[in-house]
Amino acid sequence: MPNNNKELTLSAPLSGPVLTLANVPDAVFASGAMGDGIAIDPLNDTLYAPCDGEVIHVARTGHAVTLRADNGAELLLHLGLDTVELQGDGFSMLVKEGARVSNGQALLRYDLDSVAQRCKSLVSLLIITNGEHFQARPITLKGVKVGEPLLHIVSKTPGETRDDEPDVGVEVFGQIRIAHRGGLHARPAALVRQTAQGFKSRSHLHFSGRSASCDSVMGMMGLAITEQAEVHVSCRGSDAEAALQALLKTLSTALAEEAHAEAPPAKAPSRSAEAGVLHGVCAAPGLVSGPLVRLQGIQLPEDVGGHDVAEQRQRLHDALANVSREIQLTLENAKARRHVDEQAIFSAHLALLEDPVLLDAAYLSIEQGCAAPHAWSRSIDVQCQVLRQLQSALLAERANDLHDLRQRVLRALLDEAWQFDVPAGAIVVAQELTPSDLLQLSAQGVAGVCMAEGGATSHVAILARGKGLPCLVALGEALLAQAPGQSVVVDADGGRLELSPSAERLMQVQQAQKRRAALRAEQQTLAHTPARTVDGVQVEVAANVASSAEASQAFANGAEGVGLLRTEFLFVDRHTAPDEEEQRQAYQAVLDAMGDRPVIIRTIDVGGDKQLDYLPLPAEANPVLGLRGIRLAQARPELLDQQLRALLQTRPLQRCRILLPMVTEVGELLHIRQRLDALGNELGLDERPQLGVMIEVPAAALLAEQLAEHADFLSIGTNDLSQYTLAMDRDHAGLAARVDALHPALLRLIAQTCDGAAKHGRWVGVCGALASDPLATPVLIGLGVRELSVSPPQVGEIKDRVRHLDAAQCRRVSTELLNLASAAAVRQACHQHWPLG
Ligand code: PEP
Ligand code: MG
């Protein structure tokens, strides 16, 4: 009975010592990229069927045969390593494609001595090539004789496979040229996976005689697909054709940001010998000095064995879940700040963390007796080795992302804190830093980073450039021998690390640093004074926050209020819903952190890109067009009432302003006003908080005048307004560079919003990411915006920008910008009229 998915015990097809795949002297097999399985170093000259089944493929060169077992498992039996190169010499295939064979039947005979002398190794493989449905559990790792039990195959439980659709439906094929710069590296591979996961069909990429499931970023990277290479795509399932078209599109569309993200270093380093100087490659420019601080990764103690398998599995499972949550938060944060590179990098990390190749290998090691940290570490090591052997510098650099996941998961497993104790202003030196290290170091205010290894196109380099943190890579092992504490100079533009700068040189670099710091400090001292344009127009600069801690930071940075508190982020790590009192306390904490300043609190905005564990919403075909934002009042009115009651109990109520997300018509606003009145009466209140509306869908912008009649203020959410105006997913990595809120269509909607609000004397703010873009400040002021809610560290910078502008001139020029044809044209014009300092 074919495809019955039952468990099956395979008998040994050869006699000889048994090896786990990790010990096979071939990086691709060892990595599991071909699938899970086992190996035998054969002592006999005939390969036998390990079970009953059908021969579904016979290699033209006679060295390999694939069977489909009756439970549906597809088994590749591969004799020796690199034996394809013998072109069939020394092999006789005893069966044909389509033949039915029984357990123990001879499949192929080979000349043991002659083949052994001419191939790399006789080690032979038994691989399950459709491993997405099955798991292999070795029965023995000692020597076996033909016919003895070798491997147990169990079908994966539905939760372990991506979807539960049986392997049915048509299979369709396509071919495409890869457009991604540098080939199919981690971020495009993660995008391919994301595309494939949108369909029920199962999809594979085929390249150079090898295949990988589109569910596995590792598997796809392991194919080493280069830029402009032709790959084949196959999809099987009920929606195969649609899946194929989507995948072909993803593979043939270069990421918009690749052009700059993958840009090689601006200058090739000069490597001429210079005393007291190490030469490397510039990954992020800048000239800084500071004391050298050395960072080291986690060292694992020896594995003493004797572990409880179930316990170790659970440990690994929990650690992976923790790290996954951490990365989700990083992603939310990057999304909120519209940091495209950061989003793409950490989305790829999340995909790697779920990668079947990595997970299966780690869990298999645990089954074989390893402790969870060692199993995880070993699985990562094997994949790093695979990436390094692919002869692609870009893919080799991606091994660093795996190191990152190794460190993070090990920290979670070993319960180690993930905080470096590095003083601000230090020059951090390490073998190689990972993307999450870099985010943390940058937040701690280090002056520069130097790595012995690494490349200028690595994810760390991309992040360092984004943060403006000078960074040198590939400085060599000598870097690690330098004494901590010594003062060094990082001349990143010149690719030089000066180890013993003269007092004069240190002074010169420090002065340049001081000038930059002075500018920042000047912005900071004025950050607490209101910002007026040169012609006297006051623009309030508030901050977007997600917690009371961020509110305190915003207050300290001079924010004149909170322009947006995203309440859905307050309880993002919770599995149970917060009750009314918990909510009140959380809102009150933000009000308390802001002194006497106003706080705009947005009612919960779930759905679309924002999901909460404790508030599962029904699955929708188009979640961004579904029950999200204020539409929750329609789906779960009791939840919104509970939130309004909590808000009404904050004090003083004059400082609490309520903002409604995703409003499209006046009725939604009037309904909430009426609920606020009713709830206020129930609570015996005689005052009501101000009530504002977010303008984040075109309908709201076009109806701004009608909304303003009933609202106290309007706040423009440029993130969603871009998404809905341009019909481009705000989280689509391939479109990220085009979802630009300076598009003239958006500027027209902003202008219309301000005009509509003015008719009723209401003020308009911007709380989307455009408010934090200094290039946009003059345009927004020119169009009539009077409040900008920015990310807390940027308050001083945006206020400084306001103070250098003339509002009347901004108005004149902005009106002209409405007639331009593209966001690029608007940006160019902004650079011309209002150059950035
Ligand atoms: C927006 O859409 O611009 C906005 C500020 O809201 P969010 O990013 O939370 O959707
Ligand atoms: Mg929004």
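Visitor: Phe91 and Tyr110, buried or exposed?

Guide: Phe91 and Tyr110 are both buried, where buried stands for under 20% relative accessible area, exposed for over 50% and partly exposed for what lies in between, with a 1.4 Å probe and protein chains only. Please keep in mind that this is a predicted model, in which local features need pLDDT of at least 70 and side-chain atom pairs count only at pLDDT 80 or more, while totals for chains, interfaces and linings use all residues, and side-chain values rest on heavy atoms without hydrogens or water. Residues are numbered from 1 along each chain as its sequence is written, and chains are lettered from A and ligands numbered from 1 in the order of writing.

Visitor: How many aromatic pairs does the structure hold?

Guide: There are two aromatic pairs. In one of them the ring centres of Phe91 and Tyr110 lie 6.4 Å apart with planes at 25°, so this pair is stacked; rings of Phe, Tyr and Trp (its six-membered ring) pair with centres within 6.5 Å, and planes under 30 degrees apart count as stacked, over 60 as edge-to-face, the rest as tilted. Phe91 belongs to strand E8 (residues 91–93) and Tyr110 to strand E10 (residues 106–110), so that distant parts of the chain, 19 residues apart, are linked, with strands (E, at least two residues) and helices (H or I, at least four) being DSSP runs numbered from the N terminus.

Visitor: And how are the rings of Phe713 and Trp763 placed?

Guide: Their centres are 4.8 Å apart and their planes stand at 5°, so Phe713 and Trp763 are stacked. This pair links strand E32 (residues 713–716), which holds Phe713, with strand E33 (residues 763–766), which holds Trp763, 50 residues apart. Phe713 is buried at 0% relative accessibility, whereas Trp763, at 26%, is partly exposed.

Visitor: What's the strand order in the open sheet of four?

Guide: The order is E14-E17-E15-E16, with antiparallel pairing, and strands pair if DSSP finds at least two bridges. Strands E14 (171–177) and E16 (210–213) are at the edges with a single partner strand each, so each has one side without a neighbour in the sheet.
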